[in-house]
Amino acid sequence: MMMTSTIISAIIMIMVILLNMLSKKSFYDREKMSPFECGFDPKNSARLPFSLHFFLIAIIFAIFDVELTLFLPLVLLSKSLDIFNLMLLISIFSFILLYGLFHEWNQGALTWVK
């Protein structure tokens, strides 16, 4: 078992080294490394500023989207829990989600225009 893993590791290392040697670019041109390759000088920067507010909205959406997927196992729990405990669990979880949403709303993270 140890011999097999050693041989596999050696083969992987050889393949990685060969890949790195064969895939290297032979030269790095200033024109090739620039964002524009058409021959014209760029009028403005290729790096546009990213909206921080849009990023925060996307993060909030991702957090609530992931938390909503936690509701899916509750279907499986419905077989093992009685209806009162299941409703209590769903109510507590929904309250936490709504509290987070109202908190973000009160902090102004959901408004587009300030």
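Modeller: Helices here are DSSP runs of at least four residues, numbered from the N terminus. The model is predicted.

Colleague: In what order do the elements of the chain run from the N terminus on?

Modeller: The secondary structure comes to five helices and zero strands. From the N terminus on, the order is α-α-α-α-α.

Colleague: Which residues does the UniProt annotation "transmembrane region" cover?

Modeller: The annotation comes from an unreviewed UniProt entry. One of its spans, 83-102, is 100% helix, with end C-alpha atoms 28 Å apart. Another, 6-23, is also 100% helix, with its ends 26 Å apart.

Colleague: Are the rings of Phe-71 and Phe-93 stacked or edge-to-face?

Modeller: The structure holds three aromatic pairs. In this one, the ring centres lie 4.8 Å apart and the planes meet at 85°. Planes over 60 degrees apart count as edge-to-face. So the pair of Phe-71 and Phe-93 is edge-to-face.

Colleague: How many residues apart in sequence are the parts that this pair ties together?

Modeller: Phe-71 lies in the loop between helix H3 and helix H4. Phe-93 lies in helix H5. So the pair ties together parts that are apart in sequence by 22 residues.

Colleague: Is Trp-105 buried or exposed?

Modeller: Trp-105 forms a stacked pair with Phe-102, 6.0 Å centre to centre. Phe-102 is partly exposed, at 41% relative accessible area. Trp-105 has 52% relative accessibility, and the cut-off for exposed is over 50%. Trp-105 therefore counts as exposed.

Conventions: Residues numbered from 1 in each chain as written. Predicted model: local features only at pLDDT ≥ 70, side-chain atom pairs only at ≥ 80, totals over all residues. Heavy atoms only, no water. UniProt positions renumbered as here; feature names shortened; annotations may be inferred. Helix = DSSP H or I, 4+ residues; strand = E, 2+ residues; numbered from the N terminus. Phe/Tyr/Trp six-rings, centres within 6.5 Å; stacked < 30°, edge-to-face > 60°. Buried < 20%, exposed > 50% of the residue type's maximum accessible area, 1.4 Å probe, protein only.
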